[in-house]
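Trainee: Could you walk me through how to read packing features in a model like the one below?

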Amino acid sequence: MHREKLSAAVLQDLADRSLWDTRQRMFYEMRHHGLRRKSKPWPTASDAHYPLSDSIIEKLKPHYFQQLFATDLIASFIPSNPQVAELTSAAAQWFDHRVKQKSNLETEVLSAIDSTLVSGTGILKVIWSHSRARLEYFAVDPQHLVVPPYTRDLESADRICQISTYSVEAYRRNKTLNQDPEVLEQIVGTLDEDTGDLETKEIKYEREGLTFDSKGKIIVWEVYYRCEESGEWRICTFSPSQPDLELRPAMKIPYNHGKPPFVAFPYEVKDPGYYSSRGVVEQVAIFESELCKLLNEKNDCMTLYNRPLYRTAREIPNAGNLRITPGQILPYDIQPVPQQAPPISFDTQMNLMREVAQQRISTPDFGLSQTLAFPERRTATEVQAVSSLYEQSTDLRMRIFRIGLGKLYRMSWSLLQQYDKTDLNYWYLDTAQQVPQEALSQSYAIMPTGSADGVNKQYLFQKAMMRLEMFNGDAFINQAQLRKSVLEADDATLVKRLFQDPNISASTQAEDQADEITILRLGFPAVVKKSDDDLVHIETVMKYIQMRADEGAAPQPLEGQMLQQHLAEHVTQLKERDPKAARQIEKDLNDFFEQAAQAANEQQTDAETNADMANAQSVQPEQRIPQPSGLG
């Protein structure tokens with residue numbers, strides 16, 4: 001598609017959404033500065049702003065952010081073909097390291113979340129940086145991404161235009177753009193409202209205390225469009241002031257996924273359309289305006305009460321020279337004009353507006369105050385019902401956000417497979433590891449980890465503890481994973497530092513006791529440590545004694561004495577930890593040694609009996625030998 005034709009199409013898209021742009025600028029101003037009073041009753045009257053939308057946005061931001069970073073791994077991997085579970089885990093950990101540690105997602109996603117809440121749609125652009133050899137994410141201002149007004153989503157758009165503003169120095173640093181001095185001279189100029197959002201930039205600079213100078217700036221349009229012949233996506237880069245000048249050669253998208261590198265995060269899903277999603281500011285704008293009006297009227301009322309009007313029974317000459325100050329004795333009979341109390345309570349009305357707005361947004365931790373109906377306190381059942389209703393609204397909002405996260409992760413994985421497949425080293429929970437090459441060659445279904453209700457860390461931890469109490473010891477529940485879930489709800493890094501497989505732990509403890517038995521056989525005492533699993537150590541010693549008894553080689557007296565002393569020390573330590581288990585194991589030990597002693601006595605008795613019988617048999621034949629006779 002020719003650049004002039006593309007430029008005309010994008011200009012028409014900008015004109016079609018001009019009303020949307022105007023509303024977005026108004027909502028931006030309302031969120032940061034507030035809309036000023038159109039007329040004041042007197043010059044110094046109040047002109048305050050109630051930050052309703054900004055307060056709600058700041059409370060909702062952490063809920064979205066936790067969908068990415070509250071869990072151990074950022075994404076779950078499901079292989080399309082059966083493979084060893086270790087390979088899937090290694091691929092997920094490698095991807096987690098690349099996204100969390102080697103990219104700028106953690107900072108850029110916050111800007112995208114903020115745009116989602118303010119404008120109704122947040123945009124993240126994900127590319128591969130060859131200079132830094134890593135994934136790079138860029139939060140794009142929704143007003144700087146232009147699509148036709150009939151677009152339903154970015155995947156099905158006819159064209160997508162990203163508007164970028166460069167200074168001359170920044171343009172020269174971008175070596176992918178045309179650096180011809182003649183071209184640069186032609187495209188440097190003054191911004192206008194058709195080629196870039198000049199008014200929004202001026203508002204942003206004013207908010208930051210800066211002066212925006214549109215002179216010397218360069219506007220660059222990066223237009224993504226579908227090729228009419230092949231249907232593949234292509235990129236055309238030019239300046240709208242000089243669309244006939246090519247700033248970068250037209251090319252097809254270089255990525256294997258073949259899609260424009262943009263992911264949209266809508267705040268809500270209602271009627272189909274890219275521009276249909278509304279942000280928090282738009283949804284509560286009417287309530288914020290009413291709150292500002294009430295706040296200003298309340299301040300006006302306080303001003304009138306604190307600085308009342310005065311009247312006198314006779315005319316005061318040169319009344320303009322009269323100044324009323326504290327402690328002053330007035331020469332005239334002046335009386336204040338009484339003011340009637342306002343017919344309504346400003347605070348009650350403001351609380352009403354605030355609560356209606358909070359119910360409109362369904363903020364998870366709001367709605368528990370009682371200002372709309374009855375003054376009595378709500379019951380615990382009512383509070384739980386209201387909280388449950390709000391949690392369902394928040395759950396739906398998070399599910400919408402997770403749809404965009406899934407697209408972002410899949411696009412990132414495709415770029416990593418294309419450009420970073422040979423680097424196998426990664427860090428996971430402070431441990432250097434290496435992913436097997438075959439793990440990166442598989443095809444995976446990738447989705448965000450955690451759940452949509454993961455917006456309240458304390459609530460998740462309480463749920464995990466309740467789950468642990470309910471299913472503790474249940475044979476149908478994996479006890480190791482059950483305890484892992486509790487550690488993850490508290491802190492994902494604790495799984496690596498604290499969790500130990502009980503089977504591995506028991507084997508390790510048994511090996512330690514086997515080494516201690518060797519020491520005891522030599523006649524040296526083995527120290528009972530606090531970290532010892534007393535039950536495993538006692539069981540190992542008993543198995544050793546039983547094995548020796550079965551072989552018919554009873555421990556030597558010194559060895560037996562050392563073993564019994566060592567067992568007694570473990571029982572003593574176990575009594576401090578679990579008295580009930582210690583009493584039971586002490587009883588089992590007594591029974592064991594009684595049986596062993598009885599068996600030893602029986603063996604000794606049998607041995608003596610066998611020895612007597614052997615002696616008797618050896619004597620009786622001699623008695624039956626006939627005596628020689630007649631030898632003389």
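Predicted model: local features only at pLDDT ≥ 70, side-chain atom pairs only at ≥ 80, totals over all residues.

Trainee: How many disulfides does a search of the whole structure find?

Mentor: A disulfide is a pair of cysteine sulfur atoms within 2.5 Å. Here the search finds zero.

Trainee: Is Cys-301 buried or exposed?

Mentor: Buried means under 20% relative accessible area, exposed over 50%, and partly exposed in between, using a 1.4 Å probe and protein chains only. Cys-301 is buried because its relative accessibility is 16%.

Trainee: What about nonpolar cores?

Mentor: In soluble globular proteins, nonpolar side chains tend to be buried together. A nonpolar core is a set of buried Ala, Val, Leu, Ile, Met, Phe, Trp, Tyr and Cys residues joined through side-chain atoms within 4.5 Å. The largest one here has 82 residues, and Phe-77, Phe-95 and Trp-413 are among those with the most contacts inside it. Apart from it lies another core of 17 residues, including Met-562 and Phe-592.

Trainee: Which residues does Trp-413 touch?

Mentor: Contact means heavy atoms within 4.5 Å. Not counting residues up to four places away in sequence, the partners of Trp-413 include Phe-77, Trp-94, Leu-440 and Tyr-444.

How values were computed. Residues numbered from 1 in each chain as written. Heavy atoms only, no water.
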